[in-house]
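Me: I'm new to reading protein structures. Could you walk me through a few features, one at a time?

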Amino acid sequence: MSKDIRIKKGLDINLVGAAEQTISKAVTSNVYALNLDDFHGITPKMLIKQGEEIKAGEPLFYNKNNEEMHFVSPVSGELVEIVRGARRRILTLKVLADKEQNYVINKVPDLDTADADTIKTYLLQCGGWPFIKQRPYDVIADPEMTPKAIFVSALATAPLAADPDFALRDKEQEIQAAVMALSKLTPGKIHVSVGSSRSPFNDIKGVELHKVSGPHPAGLVGTQINKIDPVNKGEVVWTLSAQDMVMVGELLLTGKFNAERVVALAGSVVKEPKYYRTKIGAEISTFLYASGVKEDRFRLINGDVLTGVKTHTEGYLGFYNNTVTAIPEGDDYELFGWNKPVFNKISSTRALTFSWLQPKKKYDLDTNTNGEHRAFVVTGRYEEVFPLDIYPLQLLKACMVKDLDEMEQLGLYEVAPEDFSLTEFICISKQPHQQIIREGLDLLQKELG
Amino acid sequence: MKEKLHQLKLKYQGKKMAPAFNALHTFLYMPNETTHSGAHVRAADDLKRTMNTVIMALVPCLLFGMFNAGYQHYSAINGFPENFSLFDHFLTWENFLVGITTVLPLVIVSYGVGLAIEFLFAVIKGHEVEEGYLVTGMLVPLIIPVDTPLWMLAIAVAFGVVIGKEVFGGTGMNILNPALTIRAFLFFAYPTWMSGDKVWVHEGVQRAGTADAISGETVLGSLAQGSDYAYSLSDMFYGFIPGSVGETSTLLIVLGGLFLIFSKIASWRIMLSAVVGALAMGLIFNGIVDAGWLPEYSKFYTLMSFPYWQHLLVGGLAFGIVFMATDPVTGSQTNKGKWYYGFFIGFLSVMIRVFNPGYPEGVFLAILLMNVFAPTIDHYVVKGNIKKRLKRFKTATIYPKASDEVDSLKTETA
């Protein structure tokens with residue numbers, strides 16, 4: 001039985017360059033890379049040295065705080081480079097792929113009889129664990145904890161984001177396996193939110209299905225948690241993205257870490273925006289140039305335009321991303337841009353901005369901030385696009401002044417930086433909301449563990 | 001041009017004068033700044049656009065104020081015209097000329113002094129020049145009498161900007177509305193220039209005591225003295241009455257307010273609740289009079305018996321509600337808090353009006369008072385949310401850490 005959730009507050013950002021629903025196979029990448037920034041808060045300890053050979057699914061490194069938590073290689077080949085930054089911090093691990101891929105085949109637990117510990121150990125050892133994230137703190141789940149519930153969002157409302165209904169079709173078997181395994185890890189429910197009747201999650205057994213509609217951020221799992229069963233102090237919930245459910249499911253069914261993933265290449269700069277079948281860590285150029293680009297200078301984003309990470313044409317597909325977006329850079333001046341009527345940009349006001357006239361129109365936005373960074377001035381605007389039962393402005397200010405008590409009281413436990421992506425988008429003072437929340441979460445975690 | 005300015009900007013980068021240059025540069029061109037962290041695209045609005053929208057809403061009031069300065073001046077000399085015609089008696093060149101010579105200098109001094117201080121602080125403290133003063137600088141000339149001496153205004157502006165805003169950290173950090181701080185400074189430092197029946201008409205003070213003496217009392221002033229006023233309701237609504245430069249035309253203020261609500265720049269919650277608050281207090285006073293609790297010789301009688309809804313037409317109440325109470329920085333920041341904040345502004349304004357006959361206008365005092373209380377209101381509103389969360393916490397399902405379980409087992413066996 002599904003329960004309906006209708007989100008009223010929010011804003012759909014319609015952009016040109018949505019991916020056409022056809023899947024092409026991307027050219028095989030020579031080098032695959034893991035970007036360690038994708039694993040927030042993890043200190044890596046290498047298990048193999050530079051120059052050594054590795055199989056697909058074999059651990060590259062483990063988490064310093066939890067030796068059992070392995071991070072595995074998406075492909076087989078030679079670890080050709082360990083890119084380090086300041087203080088020898090590891091930034092990127094690059095694996096030169098073999099022509100013939102060799103996989104580690106793990107011994108699969110019997111999903112019907114396995115207990116929680118067996119599942120946990122299996123996922124930790126075989127590289128499936130990093131797909132599970134937790135709240136509070138929006139980090140990779142702590143396997144020591146037992147979550148009160150697990151949440152999966154199977155609809156995407158972010159601008160130009162890959163549509164899970166399309167990208168994950170025919171994956172019911174994998175998803176069902178993942179659900180069976182995950183249900184052992186929590187005494188609570190597995191809440192799945194779907195957007196349409198086409199969703200591969202519709203017929204999955206053992207989940208609490210929610211039908212979610214409304215503007216962005218209806219598709220963000222944080223919104224759904226807040227509406228279904230909000231996180232309280234001391235509580236833990238886990239979240240997985242829909243596409244990572246498939247990866248976990250396949251790992252449980254076949255014993256193989258299959259890094260293959262369907263990725264949407266979108267954005268106004270892309271000539272033929274569409275879906276590609278590729279692997280985690282693949283060179284983005286392997287499919288970017290297959291679709292072609294319209295200009296030389298553009299912003300390439302691992303993820304969607306609101307929450308993605310800036311990358312470049314020599315970059316690699318992120319561990320969690322199923323969308324790659326390319327939009328124009330906006331590093332140009334605009335004569336009297338601050339007071340003339342605006343027709344070609346999205347706005348949440350009507351201050352000589354006219355996007356309210358055509359809510360369905362698709363816009364070609366660039367990366368210009370459309371104004372300078374200022375102190376918070378305007379009030380009451382964030383609330384219109386922020387459906388969570390939280391005071392966004394007050395929480396942001398609490399994070400900025402590092403008031404731990406207030407951060408707790410106002411509900412920082414419940415949120416992830418992505419929940420503040422829309423308030424950041426409309427922010428008149430151009431404040432970095434997601435960064436403020438990220439720093440607040442890090443501080444809270446450091447102080448309270 | 002664009003390229004040259006870009007080169008200049010790079011040249012100034014990191015230098016002391018950079019904020020001053022950038023402030024001017026960004027007025028010409030929206031900057032080439034791109035997103036670094038978080039969302040890669042941003043909405044079209046920025047603070048400049050926001051402030052500019054408020055200024056656009058104020059321009060009609062300013063223009064009307066200019067004509068009205070002349071109209072009140074000539075009417076005080078020649079008497080009010082019979083068979084008033086808008087184009088023959090109001091929108092005339094003579095009237096406008098008086099406005100240009102009296103109101104425009106106020107605007108120039110207000111902006112000149114205020115912006116100079118803003119630039120100075122920006123350069124000294126090394127932050128960008130913030131746009132807050134663009135609106136403040138426009139509000140100030142509209143809420144003072146037409147003949148306010150320029151040196152007085154300059155001192156008041158300097159006081160208001162430095163003490164009212166910069167000491168708190170600039171735009172966005174101040175507790176009191178800067179424009180009203182300036183107004184309050186003028187009121188307490190130079191009370192004779194801010195009240196009485198001479199200051200509202202151009203040359204009224206200069207001519208006092210001579211054979212050509214002219215005067216014009218505001219409606220509230222007349223009421224406070226228990227005397228009659230010669231203005232009809234439509235005069236009050238359209239604004240052909242004496243008063244501070246921009247506050248008289250309720251019609252244009254309402255239009256400006258509707259524009260601000262439509263453009264989603266100002267809070268309709270504050271405006272609506274302030275109107276309700278003013279009507280409520282007015283009704284209470286009317287009720288007291290109707291019930292016969294107040295003897296007719298009481299000095300509050302005329303003001304208390306003034307029809308409750310007409311309070312919105314006279315004095316600075318409408319202007320204050322639309323343009324001052326809605327200041328997002330000094331007002332209540334939560335939507336629920338805005339209802340209380342606005343209501344008390346309206347309520348207290350009318351109360352101060354009636355009980356403060358020495359100076360029969362209470363709007364700016366009411367708003368400043370509520371500015372001080374706004375954080376308290378927000379505190380209690382936010383506390384409601386916190387309480388809800390605490391209540392939820394009681395039913396929290398918290399499972400112990402796996403390692404804790406093992407530890408407790410160990411201690412049991414040991």
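Me: Which domains does the domain assignment give for chain A?
Reply: Keep in mind that this is a predicted model. The assignment gives domain 1 (2-10 + 138-254) and domain 2 (382-448). Their centres, taken over C-alpha atoms, are separated by 23 Å.

Me: How many residues of domain 1 of chain A are in contact with domain 2 of chain A?
Reply: Contact here goes by C-beta atoms within 7 Å. On that basis, 15 residues of domain 1 of chain A are in contact with 16 residues of domain 2 of chain A. The side of domain 1 of chain A that touches domain 2 of chain A has six nonpolar, five polar and four charged residues.

Me: Why is Asn106(A) called partly exposed?
Reply: A residue counts as buried if 20 or more other C-beta atoms lie within 10 Å, and as exposed if 12 or fewer do. Asn106(A) is partly exposed because 19 lie within 10 Å.

Me: And how should I read a helix, such as helix 5 of chain B, with its 33 residues?
Reply: An α-helix has 3.6 residues a turn, so residues three or four places apart point the same way. Helix 5 (residues 93-125) of chain B reaches 46 Å from its first C-alpha to its last, close to the 48 Å expected. Helix 5 of chain B bends by about 35° at Ile100(B), and Gly126(B), with a positive phi near 70°, follows the helix.

Terms used: Residues numbered from 1 in each chain as written. Chains lettered and ligands numbered in written order. Predicted model: local features only at pLDDT ≥ 70, side-chain atom pairs only at ≥ 80, totals over all residues. Helix = DSSP H or I, 4+ residues; strand = E, 2+ residues; numbered from the N terminus. Expected span 1.5 Å × (residues − 1). Bend = angle between axes of the 7 residues up to and from the residue. Domains from an automatic or database assignment. Contact = placed C-beta atoms within 7 Å. Nonpolar A, V, L, I, M, F, W, Y, C, P; charged D, E, K, R; others polar.
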